[in-house]
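The questions below go through a protein model, from its overall build to single residues.

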Amino acid sequence: MKIICVIPARAESSRFFEKPLALILGKPMIQWVYTHCKEVKLFDEVYIATDSDKIRECCDTFNAPVIMTSSAHETATERLYEVSTKIDADLYVMVNGDEPLLTEEAIVQCIPSDLDPDTMYVSNLMTDFSNPVEVVDATNLKIVTAADNRCLFISRSPIPYPKGSLDVIYHKFVGVGAFTRKALEFYHNTPRGPIEKVEENDSFRFIENHVPIYYYNCHCKSLSVDNRKDIEGVENYFRQLGYK
């Protein structure tokens, strides 16, 4: 089975312009993500997908292959779909370009050991919230799954609501997802539904149409960089690991 990794990276973020180029301990964030993805032995190839010449030029400095994609994409999954029309593979694994802490051990947990590439398959990662403040933060997506890891619902609100018991562990979205080509084609050809529009979460492209997606708990350290203040937290964590 051929598995490729794609790291979507766009410059035009309204909250953090040219975020992939933000320096973390002297290296651009996109380089940290690319380096960790290259450590995943299951990946046949690793690409960075962008619409920015400035990001492409940065990637050239650390010899990362780049696929130039349209600037019209509204979601990272749509950018991944475009890559799937250019690069043939059995499984496309998307690692968000703002997840510099993710390592091989976490990333591989969304890759099934046995997969028919002609089927519609989608999986993602989640992890436990470590800070209660993050649970009420609407920028963090909360995931609820069934016993077989199938996603039941995703929300920016804290779910499930602890009415009958306080014995609940909240799970947050981690920016890694795996898709077969058939799943990406379904995504591309299916219009946005009402819940996707309200929650601004494109996983509902599948959920609202009764296509199962699976979330696996990787129990990892995850910090998605949404603003410049998050850079400090990432740097502090890297220093604890011995990076300078």
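Buried means under 20% relative accessible area and exposed over 50%, with partly exposed in between, for a 1.4 Å probe and protein chains only. This is a predicted model, in which local features need pLDDT of at least 70 and side-chain atom pairs count only at pLDDT 80 or more, while totals for chains, interfaces and linings use all residues. Residues are numbered from 1 along each chain as its sequence is written, and side-chain values use heavy atoms, with hydrogens and water left out.

Q: Is phenylalanine 62 buried or exposed?
A: The cut-off for buried is under 20% relative accessible area. Phenylalanine 62 has a relative accessibility of 13%, so the residue counts as buried.

Q: What radius of gyration does the protein have?
A: The radius is taken over C-alpha atoms, and the globule rule is 2.2 Å times the number of residues to the power 0.38. For 244 residues, a compact globule would come near 18 Å, and the protein agrees with this at 17 Å.

Q: How many helices and strands are there in the protein?
A: Both are DSSP runs numbered from the N terminus: helices are H or I with at least four residues, strands are E with at least two. The protein has nine helices and 11 strands.

Q: How many of the 10 residues of helix 1 are buried?
A: The buried residues include Met29, Ile30, Trp32 and Tyr34. Tyrosine 34 has 8% relative accessibility. Helix 1 is largely enclosed by the rest of the structure, because the number of its 10 residues that are buried is eight.

Q: Which class does the ring pair of tyrosine 34 and phenylalanine 62 fall into?
A: Rings of Phe, Tyr and Trp (its six-membered ring) pair if their centres lie within 6.5 Å; planes under 30 degrees apart count as stacked, over 60 as edge-to-face and the rest as tilted. By this rule there are eight aromatic pairs. In this one the centres are 5.7 Å apart and the planes stand at 50 degrees, so the pair is tilted.

Q: How many residues apart in sequence are the parts that tyrosine 34 and phenylalanine 62 tie together?
A: Tyrosine 34 belongs to helix 1 (residues 29-38). Phenylalanine 62 is in the loop between helix 2 (53-60) and strand 5 (66-68), so the pair ties together parts whose separation in sequence is 28 residues.

Q: Which ring does the charged end of arginine 205 sit over?
A: A charge sits over a ring if NZ of Lys or CZ of Arg is within 6 Å of the ring centre and within 35 degrees of the ring normal. The charged end of lysine 27 sits over the ring of tryptophan 32, 5.0 Å from its centre. For arginine 205 the distance to the ring centre is 4.0 Å, and the ring is that of tyrosine 187.

Q: Where is glutamate 200 found?
A: Glutamate 200 is not a glycine, yet has a positive phi of about 55 degrees. Its relative accessible area is 61%, so glutamate 200 is exposed. It is found in the loop between helix 7 (194-199) and helix 8 (204-207).

Q: What is omega for the cis peptide bond at proline 160?
A: Proline 160 is placed in the loop between strand 9 (151-155) and strand 10. The cis bond joins isoleucine 159 to proline 160, with omega about -5 degrees.
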